[in-house]
Amino acid sequence: MQAQKATEIEQNPYRADFPALAQEISGKPLAYLDSAASAQQPAAVIDAVARYSREDHANVHRGVHTLSHRATDAYEGARDKLVGFINANSRSEIVFTKGTTEGINLVAQSFVRPKLSPGDRIVITQMEHHANIVPWQIVCEQTGAELLVAPIDDTGTLDTAALYELLDERVKIVGVGHVSNALGTINPVAEIIERCHAQDIPVLIDGAQGVPHSAVDVQALGCDFYAFSGHKMYGPTGTGVLYAREVLLDAMPPYQGGGDMILEVRFDGTVYNELPYKFEAGTPNISGFVGLGAAVDYLEAIGLDEVSRMEASLLAYMTEQLSAIDGMRLIGTAANKASVQSFLIDDIHPSDIGTLLDQQGIAVRTGHHCAMPVMQFFEVPGTARASLGLYNTRDDVDQLVDGLQVARRLFS
Ligand SMILES: Cc1ncc(COP(=O)(O)O)c(C=O)c1O
């Protein structure tokens, strides 16, 4: 570990909140540019989990003893925070999950599958993460429905006109990413929801890359489902939220069976629990959600508008600096973007770029970013991707650019 550079603290007052960022990797200050994969956690989150584990841990909901009450209060308190964070109507609409992936699978199996017949359709886009592709492919295989894909253009912008062309009475759900993890494109989700609702088509938003970077108001968006992950918004891994409108959740059958999701079990029939517990079978990741609650507090204290503003300014700087490197090919140049830049340089393989950067203390992700259809569209094996969190600084970007110059010299 080393003391953080004074300039970094001056550039970004929040950086010092993240203990992991104070270390050196390969003898260089860590430039962590992989937040789209998983964001670092502030001390406030780490400490909340540790405090809970040291003092309050017990199983939730069923206990009469003090620790069980404390654990339940902490866990359910986190749910209350999540209600406010995305402006849901009530606690019933906040289903705790393992992450975005589980939320989308839940909707595919519990909401969509019972509605599908051969010939029905599900619409997604070319830029989706595998988590918003494969659950729909599975449900299509199970039912004989068809998966349709709305195209993107060479900048990575969604062709919304082509998406709207696909909408008709055969479409049972539209699934769209709020922000593309591979391209950084921000999709016009409010407009898409409005157009789909005009034809009575429900919409799921994959918000994994949405909630960490901008304020999300699910009521203002009007979406039916919004799924996101705790570990991308500075919380613990293994936590996530599926927001769904109460009227929809009420009508959906449980996704998994087990303890906690029931009111009464008899061999001649089981009565399911009320919302949202009907969808939360088994002992949950209690400490993780305590940490997620602390992450919400942390983000709200800064304000998502402030986070968006800082990240937009740094993204503009990073794009400008990367563009100036000879042999640079930026992948994902849509007009409306957030916090992610994918790229290739000359014909250097992305994994070589990533390895050389790691040797200089810079963490970027390389490969297909769980978005193989995006790579197929751009006809590349993968990309290197630098993604920003609220703690990044111009120093991180400068370190990246210097590191890429070293990589170019070594490979030329
Ligand atoms: C856009 C998007 N959707 C879904 C996911 C899946 O999230 P998780 O692995 O936390 O379930 C990710 C993770 O990278 C993502 O970026």
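The lining of the largest pocket in this predicted model comprises 7 nonpolar, 11 polar and 5 charged residues, where Ala, Val, Leu, Ile, Met, Phe, Trp, Tyr, Cys and Pro count as nonpolar, Asp, Glu, Lys and Arg as charged, and the others, Gly among them, as polar. A pocket is here an open set of points, on a 1 Å grid over the protein atoms alone, where a 1.4 Å probe fits, with protein on both sides within 12 Å along at least five of seven lines, and lining residues have an atom within 4 Å of a point. The volume of the largest pocket is about 340 Å³, and of its 23 lining residues H129, N181, Q209, K232 and C370 lie nearest the centre. Local features need pLDDT of at least 70 and side-chain atom pairs count only at pLDDT 80 or more, whereas totals for chains, interfaces and linings use all residues. Residues are numbered from 1 along each chain as its sequence is written, and side-chain values use heavy atoms, with hydrogens and water left out.

The second largest pocket has a volume of about 230 Å³, and among its 16 lining residues F96, T97, K98, E102 and A281 are the closest to the centre. Two or more residues of this lining come from each of β4 (94-97) and α4 (100-112), these elements being DSSP runs numbered from the N terminus, with helices (H or I) of at least four residues and strands (E) of at least two. The lining of the second largest pocket divides into 7 nonpolar, 6 polar and 3 charged residues.

The structure holds 11 aromatic pairs, a pair being formed by rings of Phe, Tyr or Trp (its six-membered ring) with centres within 6.5 Å, and planes under 30 degrees apart counting as stacked, over 60 as edge-to-face and the rest as tilted. The pair of F96 and F289 is stacked, because the ring centres are 3.9 Å apart and the planes stand at 15 degrees. This pair links distant parts of the chain, as F96 belongs to strand β4 and F289 to helix α10 (residues 286-302), 193 residues apart. F96 is buried at a relative accessible area of 6%, and F289 is buried at 3%, where buried means under 20% relative accessible area, exposed over 50%, and partly exposed in between (1.4 Å probe, protein chains only). R79 lies over the face of F96, at 4.4 Å from the ring centre, a position that requires CZ of Arg or NZ of Lys to be within 6 Å of the ring centre and within 35 degrees of the ring normal. R79 is also one of the buried residues of α3.

Helix α3 (residues 66-86) has 21 residues and should span 30 Å at 1.5 Å a residue, and its end C-alpha atoms are 31 Å apart, which agrees; the expected span is 1.5 Å times one less than the number of residues. Just after α3, N87 takes a positive phi of about 55 degrees.

Positive phi values near 55 degrees are also found at H369 and at E379.

Key
Points joined across faces, edges and corners; volume = space filled by probe spheres on them.
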